[in-house]
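Subject: Structure handover and findings

Dear colleague,

Please find below the structure that I am handing over to you, followed by an account of what was found in it.

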Amino acid sequence: MRQRQPELEAESWAFALDIYARPGVADACLTLQNEAGIDVMMILMVIFAAVRHRRSLSREEIRALNDVCRPWREQIVWPLRKMRVGLKTGPLRAPCEETEQFRSKIKSLELSAERLQNQLMAENLPLWPPDEEPITPERLRALLVEVVTTVSEKQGQDLTDRFSSSIDAILAAALQDAA
């Protein structure tokens, strides 16, 4: 039976927050984001579909999901992130106590924007039919590699070897949830 949309959105968001908070995952996700241009929410949503709904998205489904959320990510999430990160060191007046409070508000807005992106992805997540085969650690790792190689802005590079430790850190956290 298919899950109602608000329940799916809430479940996927709770899953994303839980996985991201596990040891090593934030650093792994941020490495993939900052060095390979991988959208953290995309990684977490694809893992969510596999672990919680036994559905490995195909390369085409990953691309389609990425295409759906790209405008939101590029026009809303990334500008908020750029502003927040920029306030760590400047411009003049930053960093100081007042700009740190402002930066904190922007961080909250960025998280809200990511939640809205999560909702957009949940609305477009192909979960039916579930895979007939179980989601093994090998299949889940292959799925993470597929996300990295499909949606990276650094096409043409050997991303699998370069980001293997980040992929493995995320995999270990996801497997805890699958157990």
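Leaving aside residues up to four places away in sequence, Arg73 touches Asp39, Asn66, Trp78, Pro79 and Gln117, where contact means heavy atoms within 4.5 Å. Arg73 belongs to helix H4; helices here are DSSP runs of H or I with at least four residues, strands are runs of E with at least two, and both are numbered from the N terminus. With a relative accessibility of 4%, Arg73 counts as buried (buried is under 20% relative accessible area, exposed is over 50%, and partly exposed is in between, with a 1.4 Å probe and protein chains only). From C-alpha to C-alpha, Arg73 and Arg115 are 11 Å apart in space, and they are 42 residues apart in sequence.

The model is a predicted one, in which local features need pLDDT of at least 70 and side-chain atom pairs count only at pLDDT 80 or more, while totals for chains, interfaces and linings use all residues. Residues are numbered from 1 along each chain as its sequence is written, and side-chain values use heavy atoms, with hydrogens and water left out.

Overall fold

The chain has eight helices and zero strands, and the pattern read along the sequence is α-α-α-α-α-α-α-α. A compact globule of 179 residues would have a radius of gyration near 16 Å, and the 17 Å of this chain agrees with that (the radius is taken over C-alpha atoms, and the globule rule is 2.2 Å times the number of residues to the power 0.38). Taken along the principal axes, the box filled by the C-alpha atoms is roughly 55 × 40 × 30 Å. Of the 179 residues, 43% count as buried. Among contacts between residues at least 6 apart in sequence, 78% join residues at least 24 apart.

The largest pocket

The largest pocket holds about 610 Å³ of space. A pocket is defined on a 1 Å grid over the protein atoms alone, as an open set of points where a 1.4 Å probe fits, with protein on both sides within 12 Å along at least five of seven lines; lining residues have an atom within 4 Å of a point. Grid points are joined across faces, edges and corners, and the volume is the space filled by probe spheres set on the points.

The lining consists of 27 residues, and those nearest the centre of the pocket are Leu30, Gln33, Arg81, Glu110 and Glu114. Two or more lining residues come from each of helix H1 (5-21), helix H2 (25-36), helix H3 (40-53), helix H4 (59-86) and helix H5 (97-123). By class, the lining has 13 nonpolar, three polar and 11 charged residues (Ala, Val, Leu, Ile, Met, Phe, Trp, Tyr, Cys and Pro count as nonpolar, Asp, Glu, Lys and Arg as charged, and the others, Gly among them, as polar).

Cysteines

A search of the whole structure finds zero disulfides, a disulfide being a pair of cysteine sulfur atoms within 2.5 Å. For Cys29, the nearest cysteine sulfur is that of Cys69, 15 Å away. Cys29 is buried at 0% relative accessibility, and Cys69 is buried with a relative accessible area of 0%.

Backbone features

Two cis peptide bonds deserve mention. Gly90 and Pro91 are joined by a cis peptide bond with omega about 0 degrees, and Pro91 is found in the loop between H4 and H5. Trp128 and Pro129 are likewise joined by a cis peptide bond, with omega about -5 degrees; Pro129 lies in the loop between H5 and helix H6 (137-151).

Positive phi values in residues other than glycine are also present. Phi of Arg54 is near 50 degrees; Arg54 is in the loop between H3 and H4 and is partly exposed, with a relative accessible area of 39%. Phi of Arg93 is near 100 degrees; Arg93 is in the loop between H4 and H5 and counts as exposed at 56% relative accessibility.

Yours sincerely
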